[in-house]
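Hi,

Here is the model I said I'd pass on.

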Number of protein chains: 2
Amino acid sequence: MRIALDAMGAERGARIVIEGAVAAIRENSRVKVLLVGEERRIKKELAKLSVKKSLFTLVPASQVVTMNDTPAETLKEKRDSSIAVAAELVRQDSAEAMVSCGNTGVVMATALVKLKKLEGVRRPCLAVSLPTLSSERVILTDVGANVDCRPAHLLQFALMGSLYANSLLGKKSPRVGLLNIGTEAGKGGEVLAQTFRLLQQSALNFVGNVEGNDIISGKIDVVVCDGFVGNTILKFAESFAITTLNIIKQEIGESSSELGDFFSRKWLARVRKNLDYSEYGGIPLLGINGVCIIAHGASTSKAVKNAILIGYEFAQSNINQSIKSALRKNQEAVEQ
Amino acid sequence: MRIALDAMGAERGARIVIEGAVAAIRENSRVKVLLVGEERRIKKELAKLSVKKSLFTLVPASQVVTMNDTPAETLKEKRDSSIAVAAELVRQDSAEAMVSCGNTGVVMATALVKLKKLEGVRRPCLAVSLPTLSSERVILTDVGANVDCRPAHLLQFALMGSLYANSLLGKKSPRVGLLNIGTEAGKGGEVLAQTFRLLQQSALNFVGNVEGNDIISGKIDVVVCDGFVGNTILKFAESFAITTLNIIKQEIGESSSELGDFFSRKWLARVRKNLDYSEYGGIPLLGINGVCIIAHGASTSKAVKNAILIGYEFAQSNINQSIKSALRKNQEAVEQ
């Protein structure tokens with residue numbers, strides 16, 4: 001399975017991207033990585049890290065997209081950027097998935113233009129898989145692709161999120177909840193009231209409205225919301241987790257003796273694992289004709305590794321075929 | 001300072017409300033509590049708790065509002081509810097503030113109808129004060145009073161939130177941020193783009209757009225958003241904090257020996273304090289001609305105590321006068 005990896009977009013530099021790629025290949029030997037970017041810079045980093053060039057295929061791209069570039073300009077003026085080249089590799093079937101830590105808006109726009117939407121999809125969405133208190137994970141979608149959403153869009157996010165939970169998390173009949181500020185059917189304004197009705201009529205396992213406190217309860221498998229709310233929740237959760245770990249570290253530092261420290265550390269590693277939002281690694285853009293995984297700009301090498309492995313799993317899965325066929329079945333409701 | 005306390009609305013019963021009132025009086029002897037509700041039930045609870053009746057003034061109210069009651073029906077049919085009587089006490093200047101753990105929609109509607117909006121206020125808002133990683137607190141507003149907001153509404157939330165931070169948290173020139181999904185000026189759709197311009201033109205210390213991860217960073221004093229997003233964030237934060245504490249408890253339980261446990265507990269109490277979202281206690285409804293503090297339905301006695309003390313502080317402060325005068329000054333921008 002060939003993953004086209006944008007080596008240029010990460011805030012922490014090409015080095016952590018390459019380290020992540022090495023780790024991904026070590027963890028799953030069926031992963032092949034195509035490193036896309038400025039050839040000289042990549043070769044220099046490989047030499048510094050004493051990584052053999054033969055571990056990867058290098059695909060040159062002469063331009064680099066920055067965080068300040070806008071999608072419209074970039075599509076016109078940076079046709080040989082590492083993002084554009086990675087997407088082109090997927091379009092030409094030279095790679096099964098693309099992964100980038102770069103400018104999210106540009107990655108989404110490029111994937112959309114190069115790979116196109118899947119038949120029947122109105123708006124692709126970003127769907128993140130988050131840890132919950134139970135051992136289960138929850139899919140939250142949309143987390144940033146669409147600010148203003150109509151009921152038909154939210155219905156499609158629900159369908160695609162449900163197929164994500166089914167195909168990749170192995171949930172048989174994923175419980176879908178509509179994020180709202182009350183559980184009653186008419187809550188939250190006209191768009192959500194209509195979405196509620198569409199979800200009820202759909203073939204999904206719709207459990208009704210859910211609230212902010214239900215998201216990580218473990219009782220819901222897919223939480224549907226617009227991209228403004230989802231993006232805000234995701235960023236808040238990340239910072240809350242980091243804040244909490246910092247508080248714990250501060251407090252342990254202040255109160256522990258050497259012995260206490262020993263006991264503390266043992267479980268701290270496990271708490272960290274539950275709270276480490278860098279571990280989710282990558283967010284798939286669902287609804288496009290291909291696989292595109294968007295990783296955090298500030299990704300660590302571990303996050304890059306996980307994003308690559310998510311790309312592998314998505315490429316392995318049959319999810320795009322499932323989305324197309326589910327959308328055909330739900331066409332009637334969507335047409336409303 | 002007399003606080004009219006709705007003794008009936010708490011999910012955990014009148015007992016925790018009374019316990020909270022006793023604790024508030026112990027902590028601040030200038031607090032006088034008027035216990036409002038069914039006389040027999042209150043007397044029974046006081047007897048059970050061995051609390052002297054003379055500690056409180058009892059104000060009878062024959063009806064009880066449930067969580068299923070709608071504001072419109074309740075205002076018509078439950079005119080002698082504990083919520084209505086508490087609001088009436090404030091209206092008649094027989095109390096300086098009301099506090100309720102009851103049905104939020106009904107409490108807001110009753111306060112609005114009985115006490116009226118302050119001159120110039122378009123929409124009252126709920127403003128919560130949350131802990132951050134730094135020792136500073138942050139005001140998040142609106143957290144549930146208004147789902148659909150126009151720029152002029154959001155501007156007023158910013159003004160009222162800023163005065164909250166100034167009058168009650170002692171911040172000299174509170175840094176106001178507009179919650180968005182990007183920091184650039186045009187982000188997030190037309191309503192937010194217009195709000196951005198209004199905030200720039202205002203006399204507020206507007207620092208620009210902020211994102212989900214900035215809310216509890218400690219770098220912002222007032223975060224402005226619509227009630228849908230704010231309510232979702234607040235409920236998510238509560239559940240996240242509880243989840244985190246549960247994970248820590250589980251992990252400590254699994255890994256600690258008696259000795260480790262001893263060291264763990266010492267700091268655990270301090271971590272809990274930072275994460276205990278029951279401690280914020282009460283949320284003021286800003287923009288009404290009086291003081292109304294809304295506490296969580298599932299409040300503990302500590303949360304009730306804190307809600308009463310917040311009511312005391314608000315009644316002491318000159319915030320309503322400040323809001324009226326600030327709104328007069330900003331009239332021009334608001335009229336847009």
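Let me start with Phe56(B). Setting aside neighbours within four places in sequence, Phe56(B) is in contact with Ile18(B), Ala21(B), Val22(B), Ile25(B), Val33(B), Leu35(B), Leu46(B) and Val51(B). Keep in mind throughout that this is a predicted model. Phe56(B) also turns up in the largest nonpolar core, which has 223 residues. Phe56(A) and Phe56(B) are the residues with the most contacts inside that core. As general background, nonpolar side chains tend to be buried together in soluble globular proteins.

Now some overall numbers for chain A. Its secondary structure comes to twelve helices and eleven strands. Of its 336 residues, 59% count as buried. Take the contacts in chain A with a separation of 6 or more: 72% of them are between residues 24 or more positions apart.

Helix 1 (residues 14-27) has 14 residues. From first C-alpha to last, helix 1 of chain A reaches 20 Å, close to the 20 Å expected at 1.5 Å a residue. Which of its residues are buried? In helix 1 of chain A they are Ala14(A), Ile16(A), Val17(A), Ile18(A), Gly20(A), Ala21(A), Val22(A), Ala24(A) and Ile25(A). And what do these buried residues pack against? The partners are strand 1 (2-6), strand 2 (32-37), helix 2 (39-48) and helix 10 (301-316), again in chain A.

Helix 7 (residues 190-201) of chain A is the other one. Its twelve residues should span 16 Å at 1.5 Å a residue, and the end C-alpha atoms are 17 Å apart, which agrees. The buried residues in helix 7 of chain A are Leu192(A), Ala193(A), Thr195(A), Phe196(A), Leu198(A) and Leu199(A). For reading both lists: an α-helix has 3.6 residues a turn, so residues three or four places apart point the same way.

Over in chain B, Val191(B) is found in helix 7 (residues 190-201). Not counting residues up to four places away in sequence, Val191(B) touches Cys149(B), Arg150(B), Pro151(B) and Leu154(B). Of these, Leu154(B) is 37 residues from Val191(B) in sequence, with the two C-alpha atoms 9.3 Å apart.

Helix 8 of chain A gives the most, with four residues. By residue type, the lining of the second largest pocket divides into 14 nonpolar, 14 polar and seven charged.

Helix 8 of chain A is also the place of Gly230(A). This glycine has a relative accessible area of 0%, so Gly230(A) is buried. Its contacts, leaving out residues up to four places away in sequence, are Leu140(A), Asp142(A), Val143(A) and Cys225(A). By comparison, Tyr312(A) is 82 residues from Gly230(A) in sequence and 25 Å away in space, C-alpha to C-alpha.

Asp142(A) from that contact list brings me to the backbone. Where are the cis peptide bonds I noted? One runs from Thr141(A) to Asp142(A), with omega near 0°, and another joins Thr141(B) and Asp142(B), where omega is about 0°. Asp142(A) is found in the loop between strand 6 (137-141) and helix 6 (151-169) of chain A. Likewise, Asp142(B) lies in the loop between strand 6 (137-141) and helix 6 (151-169) of chain B.

There are also positive phi values in chain B. Ser50(B), although not a glycine, has a positive phi of about 55°. Ser50(B) lies in the loop between helix 2 (39-48) and strand 3 (57-60) of chain B, and is exposed, with a relative accessible area of 65%. Lys116(B) is not a glycine either, and its phi is positive at about 70°. Lys116(B) is found in the loop between helix 5 (104-115) and strand 5 (125-131) of chain B.

Cheers

Conventions
Residues are numbered from 1 along each chain as its sequence is written. Chains are lettered from A and ligands numbered from 1 in the order in which they are written. This is a predicted model: local features need pLDDT of at least 70, side-chain atom pairs count only at pLDDT 80 or more; totals for chains, interfaces and linings use all residues. Side-chain values use heavy atoms; hydrogens and water are left out. Helices (H or I, at least four residues) and strands (E, at least two) are DSSP runs, numbered from the N terminus. Ala, Val, Leu, Ile, Met, Phe, Trp, Tyr, Cys and Pro count as nonpolar, Asp, Glu, Lys and Arg as charged, and the others, Gly among them, as polar. The expected span of a helix is 1.5 Å times one less than its number of residues. Buried means under 20% relative accessible area, exposed over 50%, partly exposed in between (1.4 Å probe, protein chains only). Contact means heavy atoms within 4.5 Å. A nonpolar core is a set of buried Ala, Val, Leu, Ile, Met, Phe, Trp, Tyr and Cys residues joined through side-chain atoms within 4.5 Å.
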